Amino acid sequence: MSAGVLRGFDGPTQLDNLGDPTKAVGKAPAVALIDPRYGHNVGNALRACACFGIEQLWWTGNRVQLDSWKGERLPREERMKGYKNVQMFNYDRFFDKFKDVTPVAVELRPGTESLIEFEHPENPLYIFGPEDGSIPRHLNNLCHRLLVIPSHNCLNLAAAVNVVLYDRRAKRVRAGLEENLSIGELLKEHRGPILSNS
Ligand SMILES: C[S@@+](CC[C@H](N)C(=O)[O-])C[C@H]1O[C@@H](n2cnc3c(N)ncnc32)[C@H](O)[C@@H]1O
């Protein structure tokens, strides 16, 4: 693992969970971002993965990179422990790293399934396009499922990741595949400001 800094992201800016992709083994469920343009979207996709129990975030291209670690220890880091459970890899050939996986292209295209009725596969690799483009055809053709979020307008990239991962969590909880966290557990886990009723 090496460390790096993600610019323009309001989570922990110092990250030490950047993995060496050449040694990595793809582990579903996972998220892959194709050539993202903005660091804050990669950061907020990382945050979504941490919040919804996804252990790997891959991204391609070189428009978002982690700067080399400067060694400062940021005070926020401690209360953001959850991020450390997510491995990050910047690697163009991410597909080669997965064996048993169901690639799901998340994109507005003809012939896609709506998220409303979508049954999430057991081993998904959710693939999202860039802010200023879409998933390239050759990658789209490799996907077993095509998924659209029925929103009136196109969502921000990180928002789309959040919606899909939340939907997966909600459906798994309803199906009894995942535990529904009680409010007590949520209050214990959340390290941010806690609102009181008074
Ligand atoms: C901001 S959108 C891309 C914009 C759009 N392709 C364009 O050229 O204007 C970034 C990514 O978020 C995802 N996304 C956003 N809204 C979506 C929706 N309603 N359904 C499925 N995917 C969506 C897709 O993966 C998309 O490639």
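Arginine 37 and aspartate 132 form a salt bridge in which the closest N and O atoms are 3.8 Å apart, a salt bridge being a side-chain nitrogen of Lys or Arg within 4 Å of a carboxyl oxygen of Asp or Glu. Because arginine 37 lies in the loop between β3 and α1 while aspartate 132 lies in the loop between β9 and α2 (137-140), the pair ties together parts that are 95 residues apart in sequence; here helices (H or I, at least four residues) and strands (E, at least two) are DSSP runs, numbered from the N terminus.

The model is a predicted one, in which local features need pLDDT of at least 70 and side-chain atom pairs count only at pLDDT 80 or more, whereas totals for chains, interfaces and linings use all residues. Residues are numbered from 1 along each chain as its sequence is written, and side-chain values use heavy atoms, with hydrogens and water left out.

**Salt bridges**

The structure holds eleven salt bridges, and three of them are listed below.

| Pair | Closest N to O distance |
|---|---|
| Arginine 37 and aspartate 132 | 3.8 Å |
| Glutamate 113 and arginine 145 | 2.7 Å |

**Nonpolar cores**

A nonpolar core is a set of buried Ala, Val, Leu, Ile, Met, Phe, Trp, Tyr and Cys residues joined through side-chain atoms within 4.5 Å. The largest one has 29 residues, and Val31, Leu33, Leu57, Phe128 and Leu165 have the most contacts inside it. Two or more residues of this core come from each of β3 (30-33), α1 (39-51), β4 (56-59), β7 (102-106), β9 (124-128) and α3 (157-174). Apart from it lies another core, of 16 residues, which includes Ala24, Ala32, Phe95 and Ile135. Leaving aside residues up to four places away in sequence, valine 31 touches a set of residues including Cys49, Ile54, Leu57, Trp58, Phe128 and Leu165, where contact means heavy atoms within 4.5 Å.

**Histidine 120**

Histidine 120 lies in the loop between β8 and β9 and counts as buried, at 17% relative accessibility. Its side chain is joined to that of tyrosine 126 by a polar contact of 2.7 Å and to that of aspartate 167 by a polar contact of 2.6 Å; a polar contact is a pair of N or O atoms within 3.5 Å, and within protein one must be able to donate a hydrogen and the other to accept it, with residues adjacent in sequence counting only if both atoms are side-chain atoms.

**Ligand surroundings**

There are 15 residues around the ligand, of which Val106, Glu107, Gly133, Ile149 and Leu155 come nearest, the criterion being a heavy atom of the residue within 4 Å of the molecule. A backbone N or O atom of glycine 129 lies 3.0 Å from a ligand oxygen atom, while a backbone N or O atom of glycine 133 lies 2.7 Å from a ligand nitrogen atom. From serine 151, a polar side-chain atom lies 3.0 Å from a nitrogen atom of the ligand. The protein covers 79% of the 570 Å² of accessible area that the ligand has on its own, with areas taken from the Shrake-Rupley method with a 1.4 Å probe and, for residues, only the protein chains shown counting as cover.

How values were computed: Buried means under 20% relative accessible area, exposed over 50%, partly exposed in between (1.4 Å probe, protein chains only).
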